[in-house]
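Hi,

Here is the model I said I'd pass on.

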Amino acid sequence: MVEKILQIDPQKCTGCRQCEIVCAIRCNASGNPSVSRIRVFEWMKSSFFVPVVCPQCEEAPCLAACPREVIYRDKLFNRIMVDYGRCVSCRMCVAACPFGAMGFDMPRQMVFKCDLCDGDPQCVKFCYPGALSYTRPETLQYEHIRHAARNQAGVKAS
Amino acid sequence: MIRHAEKESGRLMGFSWKIGYVDLNKSTADIETVPSEWRRRFLGGRGVNAYLSLKNLRKDPVLSKPENVIALGAGVLSGFGAGPLECAGFSTRFPLTDRYGFAAIPGGFGTGMRWAGFDHLIISGKAKHPVYLLLKDSGVQFLDARHLKGKSVSESIEMIRDEIKRSDFHAVAIGPAGENRVYFADAATEEGWRFGKTGAGAALGSKNIKAVVCCGIWDIPVKHPGKLLNLLKDIFDAMVASGVPDLIDKKRIGRDLRVYSITRALGMDFQTSLDALTWAAQLAKFDVLSKQTNMRPDISVSEKNDPTPFLMRIAAGKGSAAPWGWGPLKAAEKFGHESLKYFPSPEALLRIYAEEPFDPMDSRRWTLFFPDGGACKEGTSETRGKYNSEKQKRSPFQIHGRTLPAETVENLIANCLGIGTLRLSWDPAGEIHLKTFRNLVQFSVGLEFSETELVEIAFRTYAMEHLLNVREAARESVTPSIFKYFEGDDLKRFKALIKKMGPKSGWDKRSLFKKHVFKELQIEDLWPLKR
């Protein structure tokens, strides 16, 4: 079991949206960000960008809302998956997701959500500012600890 | 999953590339499909722009008249996640150089065009009042922009954003300088990229276009997604590892920060504006204008003075400040030829000047008739400087039986194929990563080219622009406009140069091109080019 999670740091996001297009290419073979599993929103025209992606909730509303119980937790990568063989595209999961992290691909008539690229998220690979990371949960706070320590010591980041 | 996606992409590869022929006189747009064989002949972006310009640009188009045609084209890699490697193209007859040229639009505008359902846009005619074009879902809307008149680029884009109620759009817009036809007015994208320092803004302004806005979610199928992502990752990693050259002279930017921000708001080229300021200061200091034309400049320019009012008067394009917006060569007609001696950058002024005999295979001399439309040069000068040390190196490519110098190939590829800043990753020792580009095209669009074919496409593109410019120059058979910049021995030498260049370029005494030129370029469908 891979115990890693996709972590977002909006303060580092520059709004380049490379993650969106890379995700669309990888998952849909299309340079169309409307079918991207990750979306970047600009906060109130303030140049503050917030990437939004499925957080793979512990108690996932999409999983609970699915009437055919085709959404399940894949323990290998600790992610929520859709069994497309049995999915009827009723879109209840899209409506239930409080983050808007699920979407619907109209031409293909299927719901979509982040599948963590089978443990190798492309959005993370192409995020050069470092706003996205795929890390172990226990190291989540390390970056903030380093930042706080640097501030206290008066040392600039290299 | 990737394998599944590749299979899917094969099913979707039937999507077509679209050209929008926009007629501003009638406020109509005809949409046609780009024939697939054009992709093999011209690849896209600049190549198709040049071909469509050859077809549509009437003889001797004057900036202020509707006959001038603007071609906007998405680069071949636009929309494929190539980031800094992709760019769009802006081709027209530029006012400052008075020649057909090309300006690269960096950033995501080309991608925006594709998402809106267009690959190329040919804009002709002139709108009755300022408009902005909204490209959306493979259609063109002509929206009133009278309320945007006089607004800066950023203000205009903010207002457009509120009007169309979308934030996911791409746009190019002009400032007041472009509206008032300042010859070095540039245009800028919503991301802040500026382009077209030889008058892209004036060209748009002359057609009463305030902005071109793209929004949409058109599908752009990728042929080999997995391979494309792997290659892009390798390229980006290499670029990040090599570091971006220090492209900006920070001391100068610091000193002239105020001019930079003002010209950005007004939509004027920063460097040419600086030249105009320094020139004005020199002319005022030596009192040249009063000696030559009995007029005193109403300017107060010095290192200490605030240049804002002077620059705003230039951008307004009215009164005695108007000639400063015409560029040095045309302004000198007003100020007297003597005034050119005080121009601060003679090398920029004389870049059309060539003392050595013309060699059609020498790209340096090509600037004679290929004035660049003000492409984003900042990304190239650094590497070009390194590369020039190797310019004697011969490349493995041949065109029409002649081996091209490596430098020529570099210019051809970098300028004509729309690679964006891929040139930054080139090895300064001289190796051209043409194979990388070939793979990018193959993995994204699905077209397979050999490296020689790519060089030929680049050469064809340059040659088509060459035909356009030579046609205009040759038609002015008595006194070509370019001659007026030379005097005495210089003029004699230049005339001899033109005479020698004619036959080599394949045009006869009636300034019509011979058919073999078109045949060699595989554009014989355009012969005879009489318009």
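Helices here are DSSP runs of H or I with at least four residues, strands are E runs of at least two, and both are numbered from the N terminus.

Before I go on, the housekeeping. This is a predicted model, where local features need pLDDT of at least 70, side-chain atom pairs count only at pLDDT 80 or more, and totals for chains, interfaces and linings use all residues. Residues are numbered from 1 along each chain as its sequence is written, while chains are lettered from A and ligands numbered from 1 in the order in which they are written.

Back to B:Leu232. B:Leu232 counts as buried because it has 25 C-beta neighbours inside 10 Å. The cut-offs are 20 or more other C-beta atoms within 10 Å for buried, 12 or fewer for exposed, and partly exposed in between, with C-beta atoms placed from the backbone. Leaving aside neighbours within four places in sequence, B:Leu232 is in contact with B:Gly81 and B:Ala82; contact means that the C-beta atoms, placed from the backbone, lie within 7 Å. B:Ala82 is 150 residues away along the chain, yet the two C-alpha atoms are separated by 6.7 Å.

H8(B) also matters for the chain pairing. Between the chains, 22 residues of chain B are in contact with 17 residues of chain A. Helix H1 (2-12) and helix H8 (225-242) of chain B each supply at least two residues of that side of chain B, and H8(B) gives the most, with six residues. The side of chain B that touches chain A divides into 13 nonpolar, five polar and four charged residues. For those classes, Ala, Val, Leu, Ile, Met, Phe, Trp, Tyr, Cys and Pro count as nonpolar, Asp, Glu, Lys and Arg as charged, and the others, Gly among them, as polar.

Next, the sheet. Chain B has an open, mixed sheet of six strands in the order S2-S1-S6-S3-S4-S5, where two strands pair if DSSP finds at least two bridges between them. Its edges are strand S2 (28-33) and strand S5 (99-106), each pairing on one side only. Some pairings within it:

- S3 (residues 70-74) and S6 (residues 120-124) of chain B are antiparallel over four bridges, with B:Gly73 partnered by B:His120.
- S3(B) and S4(B) also pair in the antiparallel sense over four bridges, and B:Leu72 has B:Phe90 as its bridge partner.

S4(B) and S5(B) form a hairpin with four residues between them, and B:Asp98 in the turn has a positive phi of about 60°. Strand S4 (residues 87-94) of chain B is largely enclosed by the rest of the structure, because eight of its eight residues are buried.

Two other residues have positive phi without being glycines. B:Ser138, at about 65°, is in the loop between strand S7 (131-136) and strand S8 (139-144) of chain B; B:Ser138 is partly exposed, with 14 other C-beta atoms within 10 Å. A:Glu69, at about 55°, is in the loop between helix H2 (61-65) and strand S4 (71-74) of chain A, and counts as exposed with 10 C-beta neighbours inside 10 Å.

On domains, with bounds from an automatic or database domain assignment: chain B is divided into domain 1 (16-215), domain 2 (250-344) and domain 3 (363-526). In chain B, 19 residues of domain 1 are in contact with 14 residues of domain 2. On the domain 1 side, helix H6 (176-179) and strand S10 (187-189) of chain B each give two or more residues, and H6(B) has the largest share with three. Chain A is divided into domain 1 (1-53 + 114-158) and domain 2 (57-100), with eight residues from each in the contact between them.

Cheers

Key: Two residues are in contact if their C-beta atoms, placed from the backbone, lie within 7 Å.
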